[in-house]
Amino acid sequence: KATVSVLNCHHQPADTSTMRASVGLLCAFAASAAANEAGAGEFVVKVTKDNFQEEVVDFEGLVIAEYYAPWCGHCKNMAPDYDKAAGALKGKPVKLVAIDSTENEELGSMFDVSGFPTIVYHPYGKKQDDEGIFFETYNGGRSADDFMAFAQEELLKSGIDILEIPEVTGPAVMDECTQGAKYCAVFVLQHVAETGAEGRNKYIEMIKQVGQKLGRASPTNYVWMQAGSQEAFEQAFHVGGYPSLTIVNAPRSRYASHVGSFQVDKMVKTLQKLQFGRMGATDYKTFPKVEATEQWDGKDYVWPEEEDEY
C-alpha cells in the first residue's frame, strides 16, 4: 500500500524536535527555490514559439535572450540579477527575455543552444533577412551590472546612449553609488546659475564619456551634485574649486581626488591609476551625511525678481 505525504509549511508536526527541524529545512529550501525560479521575474519577458516573432524579431531595440531549463541551478541563481537588469533598463530600447528551452526546442536549435543557461542577443534594428535571424552568443558576466553594461555598450554601436549619471538628491542615490561598486566617482559641478543648462549638460556629457572610456570592466559608479548642495561632503573630502572629481572607496573608507584639469582623458587616467594601485588614497572615518535636495529641472536658472524699493 503506497503512502503519499504532503508537506505543509504552515503546519509543522509537534511530536519530535527532529521532525520539526527536518520540515523547517525542507520549507526553507522550498522557499529559496521559489524565490529563484529559473526564467522568472517581474520585468523579464517570457517568450515562446508563439510570441517570438512579436517580442523578438519585430522589436526594434536590442534583445537579450536567456534559454533556460526549469531544473537548471545556474539559471535559478541568475534569475534575480537578470530581472534586476531588466527592471533597470525598462523604458530603454532593450528587452531581456527568457525562453524555456524544454518547451521550445525548435527555438533553441535555431540559436545553437547546447547548455543552460545559453544567452544570445539580437542586435538593435533589423533582425532578419532572407538567410535567417541575426544573433550572437553572449559570453559576458551574469550580474545585473554586467547585463546593463553590455546593453549600454551594444547600443552605443548604434549611436544610442542609455548611460545615465544620477544627481545626488538624497542618501539613497549616494548609497547606491557607494554600495553598488568598489568606487563611486562623485563629480561636483558649478551652480547652474554660472554655467546655464547648456554648460551643465556639457559637463554631464563629459562624465558619460569617462564612463564609456573606462567601460564595463571598471568597478565604478558615477554621480554628480551641484556645488553647495552637499556641504558636508565637500568639507569631509576637501573639495576645492569646481568642477571637481572625488573618488570614494566606501568598502575601505578611503578617497582620492582628481588633481588637474577637468578633461575626459585626464580623469580617466586618474581613475585607472587608482584602480591599478598606482595612486595613493586617504582614509576617512565616517561618511558625511547626505541631505535631501531638489532635483535639477534641466533648465536655466531663473533669478528671483527683486522687489522695487520706494
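Which residues in α7 meet which residues in α9? In this predicted model, local features require pLDDT of at least 70 and side-chain atom pairs count only at pLDDT 80 or more, while totals for chains, interfaces and linings use all residues. Residues are numbered from 1 along each chain as its sequence is written, and side-chain values use heavy atoms, with hydrogens and water left out. Helices (H or I, at least four residues) and strands (E, at least two) are DSSP runs, numbered from the N terminus.

The axes of α7 and helix α9 (residues 264-275) come within 9 Å and cross at roughly 50°; axes are lines fitted to C-alpha atoms, for helices over the stretch in contact, and angles run from 0 to 180 degrees between N-to-C directions. This angle makes α7 oblique to α9, given that angles under 35 degrees count as roughly parallel, over 145 as roughly antiparallel, 65 to 115 as roughly perpendicular and the rest as oblique. In contact (heavy atoms within 4.5 Å), M206, Q209, V210, K213 and L214 of α7 meet V264, D265, M267, V268, L271 and Q272 of α9. By class, seven residues of this contact of α7 with α9 are nonpolar, two are polar and two are charged. Here Ala, Val, Leu, Ile, Met, Phe, Trp, Tyr, Cys and Pro count as nonpolar, Asp, Glu, Lys and Arg as charged, and the others, Gly among them, as polar.

Helix α5 (residues 144-156) has 13 residues and spans 18 Å from its first C-alpha to its last, close to the expected 18 Å, which is 1.5 Å times one less than the number of residues. Its buried residues are A144, F147, A149, F150, A151, Q152, E154 and L155, where buried means under 20% relative accessible area, exposed over 50% and partly exposed in between (1.4 Å probe, protein chains only). The cover over the buried residues of α5 includes β2 (62-68), α3 (73-88), β3 (94-100), β4 (118-122) and α7 (192-214).

Helices α3 and α5 pack at an angle of about 40°, with their axes 8 Å apart, and α3 is therefore oblique to α5. In α3, M78, D81, Y82, K84, A85 and A88 meet A144, F147 and M148 of α5. The residues of this contact of α3 with α5 comprise seven nonpolar, no polar and two charged.

Residue Q190 lies in the loop between β8 (183-189) and α7. Q190 counts as buried because its relative accessibility is 13%. Residues up to four places away in sequence not being counted, Q190 touches T195, R200, Y203, Q226, A227, Y242 and P243.
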